[in-house]
Structures are given as C-alpha cells and as structure tokens.
Amino acid sequence: MKNGVLFIGGLLVIASAISCSEKPRYAEALSPEEAIKTFELEDGFAIETFASEPFVSDPIMLMFDENGSAYVVEMADYPGKPEPGKGKGRIKLVKDTDGDGVIDSATVFAEGIGDATSLLPYEGGLLVTAAPHIIYYKDTDGDGKADHEEILFSGFFENNSEAQITSLTYGVDNWIYANNNGQRSGVTSARHPKTDTLSLAGKDFRFRLDKNLFEAESGAGQFGLTMDDWGHRFFTQNTWHLQTAPIPDRYLNRHKRMPSHSSVANIYGTEDIRAFAISEPPYWRVERSEGRQRQYDAAGLDRTEHVWNHFTGASGGMMYNAGLFPEAYYGNIFTAEVALNLVHRDVIHTTQEGPFLSAKRAPEGQEKEFLASTDTWFRPVNSTVGPEGALYIVDMYRQHIETPVSIPDSLKQDMDFQKGTELGRIYRIYPEGKRPELATPALGSKSADELVDLLTHNDQWWRINAQRLLVERKDASVAGKVAELLKTHADPRTRLHALYVLEGLNQLSAEHVSVALADSHPQLRKHGIILAERYPALVDAVIAAASDEEAEVACQAALSLGEFAPTPKTVDALAKLAVKYGADAWFRKALLSSDVAASYRLYQQLAQTAEYKDQIRNQPKFMEELAFTIGASGNLSEYKAFIATLPKGETDYEIGLIRGFAGGVRKAELNEATKTALIGGLKSAALSDKGREIGDALINELTGDK
C-alpha cells in the first residue's frame, strides 16, 4: 500500500516529553503515517488513509457518482474571500489505479471556483454550490475535465464561507435540497429569468430541474445535510450538532397569522451538548474563554463559557444507511466536529410527539466519541458513505480552522490561518477484519430494467442513485414493473422508491397513491398523504388518515387537509386532531398553518359545539394560539363574533383566549374603522378581572395611550 496506513481502533500515539518553556503555542503538522496513529476509534472498527497530499489538499467533500468515480471538493481560499474570477477552489477526480484501495492519481475536473462547497451528480455532470451560484459542470469529451459550465441559480448569500449555500442532497421525493444557513438571499434562475426573485431569509433551498421548480424550504442548516430512508432531513449548525425541520416551508407560510413560523427543532437532549475530545484546547481558545468568563462574572451574569468539550464546530453530518457496518449502526448519524478533532455518533429514534425524531448517544459511547484524535490539526469537516458501505471522513487538515473574525485581534498575532493549505486527508472506516474492495457500480451503463432491480438494494447509495437515474432518463416503459414493486415488495424502502420513481416518470396515478395510503408502513402512508394533495377525490382517505395511530402520519394529515377545499368534514377532522394533540407544539403549528384551521370557523367548532366544547378546555395552549390567529387576521366580522362569545372566567383556558387574541391583534395591520370597532367591542365585552386587564392594555395600545 502506497502511503495508506492501516490502524486498528484503540491505540494512542505517545507524545515525547518537552519542557513547557520550549513548547510552541501551536503544534506542527504530522505526516499521514504519524497522524493516523493519534486516533482513538470505536472498538471493532479499522481506519485507513484513503487519500492524502499531494493528491488532495484542503478537501471539504468527497462524493461518488453513479459509476463509483470519486470527486473531491477543495476549498483553498478558506477562510478568505477570493476576488471575483480568482478563486482557488477545485474539484478533483481522484483514482486508485493499482487496486490497493488508496488514491494515487488526481485530475482537476474544474478549477478557479470561488467558494465551492458541495457537489451532486446530475445528468452525467456535477451540480456545484459556489456562492453566489449553483453551477452545472460537465465533461463532454471524456478527458476527465469539465468543458461545459452553466450557472443555474444566482443570488445566494456569499459573505461568509462558513454560512452559505451548500450540502446538495438528492431526496427520495426527487427534489434536490441545499443548506442556506437561513441567510438573506434573493435567488434567480438563469434558465427561467422571468421567474420572480425568491427570498430565502431564514430558510434553506430546494429545487427540481426536471420540473423547473425552485422554492424556499424550512431549516437553517449550515454545513452538513443528510437524509434517512424516509426523506427526513438532518442538518448541523456549529453548536447545534443535529437538527431537523418537521414542517416544510410550503405549509408553514401559507399565511402570516401564526404566533411563530420557526421551523427548526434540536433533536438531542441537553445532556448531549457535550463532546469528549482527547486533544488539548488551543491557546487562543483558552485565553478567549477565560476573558469572556471574567466579563460575565463582572456583570453578575449566571453564564458559563465552556472552553472545551462542548459542540462548537459541528459539521458534515452523514447518516449511515448501508450493510457493511453491524446492524445496530444502520440509521446512525456521524457528525464531524472540526474544532474538537473528533467524529460523533448519534442513534436516531422515532417518537410519538413532535418533532417525531430524537438523537441519543449509543450505550457504548456515553463518555467517548466514535473517532477522536490527539492531533489538533485533524479537522474532520465532512463524511460520506461509499457504494461499498465504508464510511469516509474528510479531513481538511489545517492548523487553525476558525475564521479570523471569531478571534480577538490580540490573539491572532502568531496565527497563520492558511497554514496547512497544501495538506489534506481522507480516511476510510470499516469493520475490523472486513476491509471491502472499492466498488465499481457502473450504474450509468445499466439498463432501465436493471436500475429498477436496484431499487431493492439494502444500501441507500444504490437505491437513491438508481432512482435518480430512472427519473433523469424518463423511460416510462418500466412503469409497470415499478408499480408492481410498490404493490408487492416486502421492503417498505423499496416501495417508497417505487412510489417516487412513478412520480418522477410522470406515471403516478390516484390508484398508486391509494396503495401508499393503505400501506402497512407509516412512512408510506405519510408520503401517500403528501401526494394525495394532487388528487381532490382522495380527500376522504386523508380525513381517515387523521385518525392514524402513528402521530407523525396524523400530523401530516393535519398539514395536508389544509390543501383541500374546506368542508364540514375537513373542519371536523381538524377539530378532532386539536382535541387529541393540542398540547404538542409541532401539532399546533401543523394545524394552524392552514387557513381553514386558523379561523373563527374552527374556533366555533371547538368552543361552541357540544361534541368538543368540554374536551377542548383541556387544550388551553392550542386555543390560545388559535385565538392569536383570529386576532392577527384583521377580520372585523371574526373579531365581533369572537369577542361576543368569549367566556368569562380566569382559568388558563379563558385567560389564554383573550391573551392570544390580543397578541394576534398586535400583529395585524388594522385600518382606523376596524380599530375603532374593535375598541368598542372590547370595552363592552363581559370579561373577568384578569381578562379586563388584558383587554384594557390592548385598548390603550390601539388608542396610543401607553
């Protein structure tokens, strides 16, 4: 093996003794052979060097296309901002030419790219995020170098290389997703220049080139996005190492009357904000943290500045959905921590309350990490799962990984933020004693029938790439075979891929969606509900799904019912969901996101009918937020009806109604006539003492008498 070094987990390098007076503030780089010896890896696994300098430098992403070709994104400009047209970013095609499993050849596929951060195979080429653009590159003459370049989208935020468009990921629903870190952006499509500019403030991004669609998506992911077999997105953001967005933006922003439109959920417990580094904190971090703590103490703040062993640089989360690792690792997420020189492992669990997913440490990893190093240059920024099932860790290998703006000037004097830019490593992890050969899947040359067969593969890499290629080719001749998988295959993952292959081939029918709605697996039922929105005749099936025993399925029904024409039956289904799930914050958001639920009509159904008026008193928080949406509507007729029916009392239920209504009114833009009528109605309302206090405070605000 060339410079690929094998190391079995559990060993530690022994540092030579050096006096404190001679010890430099910052360590020097280690060779690949030395660096790998500094790793502590979870028992039962082996790690080896897959690629290193000179074949890669400053790597931040590794991706295998449908043929198994390995592409690496290099970000040599980091942390600086290159001048237009002078970027040093590169995409390399790296190869193992002698079959020993280690890279020994590299070809520059594309170069001169400013801030390239991620890529995704698409239609024989590569989609690349390089703020302010998403670009399509393709090699049309087979020399391994891109000779076609097309800007697809422009307008993304570009002023912070740590917080811009990145993490392209193909979803099981045929949309391509990308993190935008919630940055304010005005996105335009070069292929469709007449389309309105899309605002992405506080949101992420998704698009479909096959249907000429692009839109905002819930979330504020930074660097790192991964998806499970069912389409749930998981993303990272520095100190919040694992988040999800339970409700898509297309639902959350149907109107602007909710108390909150926030979309992000941390899915780990407060005890899991810790990380267990085996490296020592750098000099600058110790000095900065101690200085901040002195400031907090002097100000009398009850606040602790953690120097080390708490997430601060989480990035590049990757779900392991392959069969090479032991079964217990399937569905686990591996998150890199660039500042603490480690890779963290989370086990994902489903729950019966929003956000319906949780992340916890594995039993064997309660006080240690899956991978950690004593080498402070080890900068794991990203990871990926190869077609053979190995886990690859991308190591940027820099002396300093932080941006200069985060460090006080007084501590920067002996810091070179470009030191190590010529270095970089990528490691490969697999079960001890089971070193796999590098895969050569060659999916690009397979027939449509063969790709359909691969939808049954155990590993997600094979299934999602087969699906993508089928959708790209638009070969409808396989629709019958795919539909048979949807109806009869034993693996629900295969059935879900089949459902969306039919959708991508424009062969989906109400019959196919009905099959999904009746499926034994809850995630098939959930996606069936989503697709049923296209078929008004399936509304009764969605109403029935509101009673599904799986909470996440019922929550999707709450969201989707708002897409159908409102009828007494849909309103009644929403009322039942409010009674059952009103204490759940994510259910409240799902219910109130639609116009039909965020209305006096639903309030009337719940508060004034014999079937619900006693039960709904047990859900005061839901009713308070429902009252908020009524107040925020600015609708005078609803104001009058609501105030006339306000119950007089001082329980959480009664006070919540007037408090929620008042909060909503403050959000509404009222004309003078509405404002005057509302003031009159509030003055004459029969309210309890606490209710009168809230009402009078609102009257004073409306009249300008503070």
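**Group meeting: a walk through the predicted chain**

Let's open with charge: the mean positions of the 73 positive and 100 negative charges of the chain sit 5 Å apart. For that count, Lys and Arg are positive and Asp and Glu negative, with His and the chain ends not counted; the place of a charge is NZ of Lys, CZ of Arg, CG of Asp or CD of Glu.

Some ground rules before I go on. This is a predicted model, where local features need pLDDT of at least 70 and side-chain atom pairs count only at pLDDT 80 or more, while totals for chains, interfaces and linings use all residues. Residues are numbered from 1 along each chain as its sequence is written, and side-chain values use heavy atoms, with hydrogens and water left out.

Okay, the overall picture. We have 19 helices and 29 strands in the chain; these are DSSP runs (helices H or I, at least four residues; strands E, at least two), numbered from the N terminus. Along its principal axes, the C-alpha trace spans about 85 × 75 × 50 Å.

As for burial, 59% of the 706 residues count as buried. Buried means under 20% relative accessible area, exposed means over 50%, and partly exposed is in between (1.4 Å probe, protein chains only). The chain exposes about 27900 Å², and carbon and sulfur atoms supply 50% of that. Those areas come from the Shrake-Rupley method with a 1.4 Å probe, and for residues only the protein chains shown count as cover. On contacts (heavy atoms within 4.5 Å), take those with a separation of 6 or more: residues 24 or more positions apart account for 65% of them.

How many residues of H11 are buried? The answer is 11 of the 11, residues 551-561, so H11 is largely enclosed by the rest of the structure. The buried set includes Glu552, Gln556 and Ser560, along with Val553, Leu559 and Leu561. And what covers them? The cover includes H2 (249-252), H9 (522-532), H10 (539-545), H12 (568-581) and H13 (585-592).

On to the aromatics. A search of the whole structure turns up 27 aromatic pairs. Rings of Phe, Tyr and Trp (its six-membered ring) pair if their centres lie within 6.5 Å; planes under 30 degrees apart are stacked, over 60 edge-to-face, and the rest tilted. One to look at is tyrosine 603 with phenylalanine 642: the centres are 4.9 Å apart and the planes are at 55 degrees, so the pair is tilted. This pair links distant parts of the chain, with tyrosine 603 in helix H14 (600-608) and phenylalanine 642 in helix H16 (636-644), 39 residues apart. Tyrosine 603 is buried at 1% relative accessible area, and phenylalanine 642 is buried too, at 0%. Elsewhere, Phe45, Tyr320, Phe325, Tyr329, Phe334 and Phe370 form one aromatic cluster.

Where are the cis prolines? The bond from glutamate 53 to proline 54 is cis, omega near 15 degrees, and proline 54 sits in the loop between strands E3 (45-52) and E4 (59-64). The bond from glycine 354 to proline 355 is cis as well, omega near 5 degrees, with proline 355 in the loop between E24 (342-350) and E25 (357-360).

Then there are asparagines with positive phi. Asparagine 238 has about 50 degrees, in the loop between E19 (233-237) and E20 (240-244), and is partly exposed at 26%. Asparagine 309 has about 65 degrees, in the loop between helix H3 (283-298) and strand E22 (314-320), and is partly exposed at 27%.

Last stop, two loop residues. Glutamine 418, between E28 (391-395) and E29 (425-431), is partly exposed at 31%. Leaving aside neighbours within four places in sequence, glutamine 418 is in contact with Ala76, Asp77, Tyr78, Pro79 and Arg398. Serine 477 lies in the loop between H5 (460-473) and H6 (479-488). Is serine 477 buried or exposed? Exposed, at 61% relative accessibility.
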